[in-house]
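Please read the following report alongside the sequence and the model.

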Amino acid sequence: MGIYSTIVRFFVALSVIVSLYTGDLEYSTALTILSLIYISGYLLIPKNKNTKYLYFVIDAVFISFAVYLTGYTYLSVLIIPLFSEFVKESKDIMYFLTVSFIPIFTALYTANFSEFSFIPLIIGGLIGIYGLNQTFIQKEKYFNDLKNDMENLYIKNISYQEKISQQDKILSVYNSLKKMRKNRFPLKIWIYDINEILGSDGIMFFDLKNNRCYSTEKIQCNKEILNFIDRPFIEFKNHQVNKILNAPYVYAVTVENNKDLVGIVVFISKLKEIDKEILELIRDQLVLYSIETSELSKDKG
């Protein structure tokens, strides 16, 4: 109920008042006052979800009085625009049809059941409003479905972009690793390149063979965390390591030469997780790098 309902009631009251001046009616003054009371009452009555049911009874009674006192059966068609408030639910439609029988019966009674021309008008008007409402429902459903499809396409597009971005990152990591293995870059230099590619907040490389540690510029090596690294790949969340490094996401990969542990690389991220697939790729390539470097050293020796 809103401005539309107020306009409809104003239209009903105005129609009754105008009809009074089409002939010399005995009760024109009384009906004019009643019309003003009708519209004023609607404006003053508290509005809630149940108000429309109560006030439609008043609508029906008011229209019935107007029909009876004027003798104008066509005034019963004024119930048609009121149907718009009850057209959405089946129980409301049944309620409307039941209560609207009051002015319709009054009109039939006033015409001594000899005038029926207003009935097709009422039926046609109600069918028209119902059909228009169904059209709006179908259009709304169509646009909602279209909106959902567009949202799904948008989500899929973002997903594909994320996958493409992820694949690009994997390719960049692989090329960096390939370049490192080909040119024999020391890991202490390579960690700067891979840190930039991953967008991480720092990398530490523990060279266990030479008992040294190298890190990117934003962090410092902390050997305390080595006590917690006991697997080839480990992810720390809500762990003591996270508190030590002040970062919610910490990852560690071990580097072996045959079965000897020669190094540990620790990745630190404060804003987002690092893809485990990329870290597994890095670990595999670092193991190959370690083996190749060891074999080259033996050949030189």
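## The disulfide

The link of C213 and C221 is left-handed, with -85 degrees about the S-S bond, and the two sulfur atoms lie 2.0 Å apart. A disulfide is taken here as a pair of cysteine sulfur atoms within 2.5 Å, and by this rule the count comes to one. C221 is partly exposed, with a relative accessible area of 30%, where buried means under 20%, exposed over 50% and partly exposed in between, for a 1.4 Å probe and protein chains only.

This is a predicted model, in which local features need pLDDT of at least 70 and side-chain atom pairs count only at pLDDT 80 or more, while totals for chains, interfaces and linings use all residues. Residues are numbered from 1 along each chain as its sequence is written, and side-chain values use heavy atoms, with hydrogens and water left out.

## Helix α6

Helices are DSSP runs of H or I with at least four residues, numbered from the N terminus. α6 has 12 residues and reaches 16 Å from its first C-alpha to its last, close to the 16 Å expected at 1.5 Å a residue, the expected span being 1.5 Å times one less than the number of residues.

The buried residues of α6 are L187, W190, I191, I194, N195 and L198. Seen down the helix axis, these buried residues fall within an arc of 145 degrees, so they line one face of α6; the arc is that of the directions from the axis to the C-beta atoms. Just after α6, G199 takes a positive phi of about 70 degrees.

Terms used:
Helices (H or I, at least four residues) and strands (E, at least two) are DSSP runs, numbered from the N terminus.
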